[in-house]
Amino acid sequence: MIKRLFQVKLFQTKLFQTKLFQTKLFQTKLFQTKLFQTKLFQTKQFWLKHRLKQLKQWITLLVWATVSCWVVVASSHLLSAPSSHAIAPPTSQQTQSSSGQRWLNQGIQHFQAERYEAAIDHWHQALDVYSQEADELHQGLIHSNLSLAYQHLGEWEAASTALDRSLAFFNQQDAASRQRTDWNYYAKALNAQGWLQLRQGQAELAQQSWQDAAIAYEAAKDFPGVIGSRINQAQALQSLGMSIAARERLNQVYQRIQYQGDTQLTILALQSLGNALRRVGSLAKSQDVLQESLAIAQRHPGRRIASPSSESLCAHAPVNAVQRSLLLDLGNTERALWQRAVDLNLDGVNPHYDHALSCYQQAAVANDPGESPLLRVKAIANTFSLLINAQSHPPAAASNIPVNAPSHETQQDILERWHMLSALFVTLPPGRAGSDIQLRSVNSLLTFLARHPADLNRQYPALWSEVSTVLAQSVHQADRLQDRRIKALALGQLGHLYELAHQWEDAQFVTQEAIALSDPLQASELQYRWEWQLGRVLRQQGKSSAAIDAYRQAVKSIENVRTDLLFVNSETQFSFRDNVEPVYRELVDLLLQAPDPDQAALESAIGFIDSLQLAELEDFLACNLPPTVELSDVEPGNNSAVLYTMIVGDPAFRPTSQRLEVVLKLPNQPTLLHHSTPVDGNINQTLDTLRVGLEKRYKTVELDQAAATVYQWLIQPQEASLASSGIDTLVFVLDGILRNVPMAALQDAQGHYLMEKYAIALTPRLQFPEPKSFDPKNLNILFFGLSDIPTAFRAEFNALPFVEVEARTLAELAIPSELRLNAAFTDQRFRQDIQDTPFSVVHFATHGEFSSDPENTFLLAWDTKLKSNHLQAILQTRQQRRPIDLLILSACKTADGDNRATLGLAGMAFQAGADSTVASLWVINDEATSLLITAFYQALIDPVTPTSRAKALQTAQQMLLADGYEPYYWAPFVLVGNWL
């Protein structure tokens, strides 16, 4: 039996003839003692049982394929949308060749089973028949199907050639004489063109192709095709960074679905729409749409409708399978809501977790006779992954972990769950869908093991063998199907397994094989994972230079697909904090680990932190930021200095938990100054103490100590350089949790506040639109404020009576202004004024909140909460005509407990197109707010002593300090963006 195993294609491939499999893999302890010496692999019963299961799988697959009517070609980006599919000709068409039809249908069956090479072979056979019969229509259909198959195999040139041949026929047709079938086949070709363009990074062209496909589907009266094409258009818009347009397109899809009366198609369309909404980050809307689809399916229990599960969309399945498929998708959305809430430290976590778990458990009920096991095993695998994620959060987040999460489970409990799941793998039919489930499950297990370090060879030898077997089988399956992507995934995870076992050379070699396979696929979302993994492995071997190169390449790969990273995982939302941020921080840690890093290392570190902050903002906004200028290329002024902060260090590599790296750029000096401070894991505690202390109306000893400690970290080592250079303005580029602390309140050894010495500004990233000096002669203000609170919001917000004082101050200072107070500040009036009123400053004197969750970032109007995405849609239209010089947010706050809430502030500023923003980090007494804002305006328009925006804010803060106000009243006001 072992001899037969080594005769299969897996061990005849080039990969298994390399040094790895001649000397490395099979010389490891695993392959010498565990995997192939077990009784399981030496018994005839095992092989007989295995063959019987394989036969059963093929029979089941044949049954499903026979009743197939059409099949979705599901990309990794859009698994459920009925928009990318190979189709058979209508069975009523009698003119087609019976042998050509047979080859065509058999190819579709292979395609459905994700055996793309076999599908290509059968379609070429059909093509020969239709060529002999001069049937150009069916040749056009087959060529578009061939293009889709080649795309899945990563064979771009063949995919392009087949598509050109298909479109050449359809484009020479007279549109007026096209029949319904012609339009349908033409739409399929346009759909294939859209996928090819999107996969090759041409999202704008893809959007146009899918727009044309929707028109063709309309002519063919193909409702699922129309819906799928419009969903695909939204994906292309999202890839272009046009998140608002993408969501609007999906809203249009929803409206279209409501106006058609076919229950079957409504359920399918709503399911596809719900999944698309999840991918673009509209989680609440996704939840609503999927629940609506499920409710319709439950109201029609007697109907047999097309199962919308991604692996069998063309097959007719029992209605309970349809409902379970919807439950699986709904569980994925609930899980994404839970994960977001945990990541952002939000309240209301438990219900989403409970709902996700319940949905998965209902979806995992026993299969009906004749039903593919894919749906059930996928639901069990998602449950396994969810349970592991619930255990993975640090103790600080324990309050947000559901009470019924398996925090009490031991490693052995998790491993037993794995054994139960892995036993189901042999029931899966061969194909990408089954391999994908196995590899996702392995990834979940490896994630768990990485968080619970152990000597796998010694402590869990059976587990080591079992996981290796699954990965080897996945490689075998990928080779048989010629599926390079699955093979890259399997080899990458095998490399991670070696990494966890500290077998560094094996891990390096296999990971390099995975990288080599990922590159031709243009699969940067895979490639960066393995490049990051290679960097970690090289670092553990002490190969710092090679590790830096690998990390640099990983960052480059991330930036190639940065816009799409949230959407490459179709099952659950992508976690920026877990999957992107560590790559940048580990690279910066490597660059700065030398006691005295050179200038090139400092510049590189700054650049990578810049890229991280840019990625954070684009992650928050779900769109691309506009062209910018490098901060290093901006002349900040003779008296301004830029101070960069970077929090680095990883306990896995260094015993001194964390370090705070500070780089200072002085004006007109090419040399960067640098100092590093070990913070030994207490940085969060110190900064929390400082923030909490400042939010109290009185000073404490703990507050003074924390303020002095942070001053020592950031400023004290550079005090002499700042003084000798005559600096009067500090521009901070703050990293991580530092962004939640007002720098103005830091104290030196004599107890003086930092804002007493320097004007202070913040920039959320190291690149931004080129700053220009503020001209007070152009000052005109559009003022929105609430001094009273409408009844609907009084339970949540207090009145702000001094808002009217702020408004009157503008008249007293003779500043041109338009005022919209209380009932005059409505959503509709806001939209109209932003469009029609000339202004350089927009001033909001109303309650609001900044959060790293766009859904919880808002400004309060009289009739509604103006949420982040809504504001972006309104303000961007103004930005295109004339940017806003200054945005004032004088009664807002950052979300409690949200360590990345200032992303909401930076995002609000960007959405407004504001050159700079003055905002408060917490809500204070509105009388003090009125005093400070009045003083700010007075300093800004003073004709005798012209000043910068940063110095105007400093003057206002110093005035309150001189009048005896504690830091609570003046410290939370920060200037973000242009300080000139």
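**Exercise 1. Identify the buried residues of helix α18 and determine how they are arranged around its axis.**

Solution. Buried means under 20% relative accessible area with a 1.4 Å probe, protein chains only. By this criterion, I414, L415, W418, L421 and S422 are the buried residues of α18. They lie on the same side of α18, because the arc they cover around the axis is only 115°, taken from the directions from the helix axis to the C-beta atoms. An α-helix has 3.6 residues a turn, so residues three or four places apart point the same way. Among the elements covering these buried residues are α17 (374-391), α19 (432-451) and α21 (461-481), contact being heavy atoms within 4.5 Å.

The model is predicted: local features need pLDDT of at least 70 and side-chain atom pairs pLDDT 80 or more, while totals for chains, interfaces and linings use all residues. Residues are numbered from 1 along each chain as its sequence is written, and side-chain values use heavy atoms, without hydrogens and water.

**Exercise 2. What span should helix α18 have, and what is the distance between its end C-alpha atoms?**

Solution. Helix α18 comprises twelve residues, 411-422. The expected span is 1.5 Å times one less than the number of residues. This gives 16 Å, which agrees with the end C-alpha atoms being 16 Å apart.

**Exercise 3. Describe the lining of the second largest cavity.**

Solution. The lining holds ten nonpolar residues, three polar and one charged. Helices α28 (599-621) and α36 (902-912) each supply at least two lining residues. The largest share, four residues, belongs to α36.

Definitions and conventions: Buried means under 20% relative accessible area, exposed over 50%, partly exposed in between (1.4 Å probe, protein chains only). Ala, Val, Leu, Ile, Met, Phe, Trp, Tyr, Cys and Pro count as nonpolar, Asp, Glu, Lys and Arg as charged, and the others, Gly among them, as polar.
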